[in-house]
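Open the model in your viewer and keep the sequence panel beside it. This tour tells you what to select next and what is there.

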Amino acid sequence: MLVAYRGFAEAIAEDATAEAMTRLIQYWGKVEAPQVWIRTVAFRVACQLEGNQQVGLPERELVNERSTQDLAAVELALITGSAVAALPPRQREVMTLGLVDMTPSEIAEVLGCTPPQARANLAHARRALRNAIQMDKEA
């Protein structure tokens, strides 16, 4: 968005976006509108990196469909990461291995349990994640 709408160099746009995302993680609990916040911070950081002293936002809207989807994916990843970290240790292990496309049989082999135990732990972990994500969306 910074390259297409403002003409920033690609390297500056990448650095500004990375910095904005890092700041979003730091202030996650305080940010009410992540899309607007990211857009504003990335623009300001890009201006600073370019040495441009512009303060205001550009006249054109900086959001497009893809950036909205990307930000939604980041938000989901943050929520999911927090929810996975809150799982009991065994469920966290099976979910982490499941997220890298391991089958329950492969997970059982790695963890030294039976495939039915791995499947059961995966089912419990998935249910807990669904509940955590649903609760976060409702909040």
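The stops below go from the whole chain to its helices, its cores and a few single residues.

**Ground rules.** This is a predicted model: local features need pLDDT of at least 70, side-chain atom pairs count only at pLDDT 80 or more, and totals for chains, interfaces and linings use all residues. Residues are numbered from 1 along each chain as its sequence is written, and side-chain values use heavy atoms, with hydrogens and water left out.

**Whole chain.** Show the cartoon. You have 7 helices and 0 strands (helices are DSSP runs of H or I, at least four residues; strands are runs of E, at least two; both are numbered from the N terminus). The order from the N terminus is α-α-α-α-α-α-α. Of the 139 residues, 29% count as buried (buried means under 20% relative accessible area, exposed over 50%, partly exposed in between, with a 1.4 Å probe and protein chains only). The chain exposes about 9,000 Å², and carbon and sulfur atoms supply 53% of it (Shrake-Rupley method, 1.4 Å probe; for residues, only the protein chains shown count as cover). Now consider contacts (heavy atoms within 4.5 Å). Among those between residues at least 6 apart in sequence, 52% join residues at least 24 apart.

**Colour by confidence.** The chain averages 75, and 71% of the residues score at least 70. Among the elements, helix 1 (residues 2-6) has the lowest mean, 51. Helix 6 (residues 104-111) has the highest, 89. Select residues 53-58 as well: pLDDT is below 50 there, and beyond near neighbours in sequence the stretch has 9 contacts in the model.

**Helix 6.** Select I107, A108 and L111; these residues of helix 6 are buried. They sit on the same side of the helix, because they cover an arc of only 100 degrees around the axis (the arc of the directions from the helix axis to the C-beta atoms). On the other side, E109 and V110 are exposed. Step just past the helix to G112, which takes a positive phi of about 70 degrees.

**The cores.** A nonpolar core is a set of buried Ala, Val, Leu, Ile, Met, Phe, Trp, Tyr and Cys residues joined through side-chain atoms within 4.5 Å. The largest has 14 residues; M95, I107, L111 and L129 touch the most other members. Helix 4 (65-86), helix 5, helix 6 and helix 7 each supply at least two residues of this core. Helix 7 gives the most, with 4 residues. A second, separate core has 13 residues, including L24, V31, A42 and V45.

Select N121, in helix 7 (residues 115-138). Is N121 buried or exposed? N121 counts as buried, at 18% relative accessibility. Leaving out residues up to four places away in sequence, N121 touches R90, Q91 and V94. Move to Q91, in helix 5 (residues 89-99). Q91 is buried too, with a relative accessible area of 14%. Beyond its neighbours within four places in sequence, Q91 is in contact with N121, H124 and A125.

**Last stop.** Select G81 in helix 4. G81 is partly exposed, with a relative accessible area of 39%. Draw a C-alpha to C-alpha distance from G81 to L129: the two are 48 residues apart in sequence and 9.6 Å apart in space.

Technical notes
pLDDT = per-residue confidence, 0-100.
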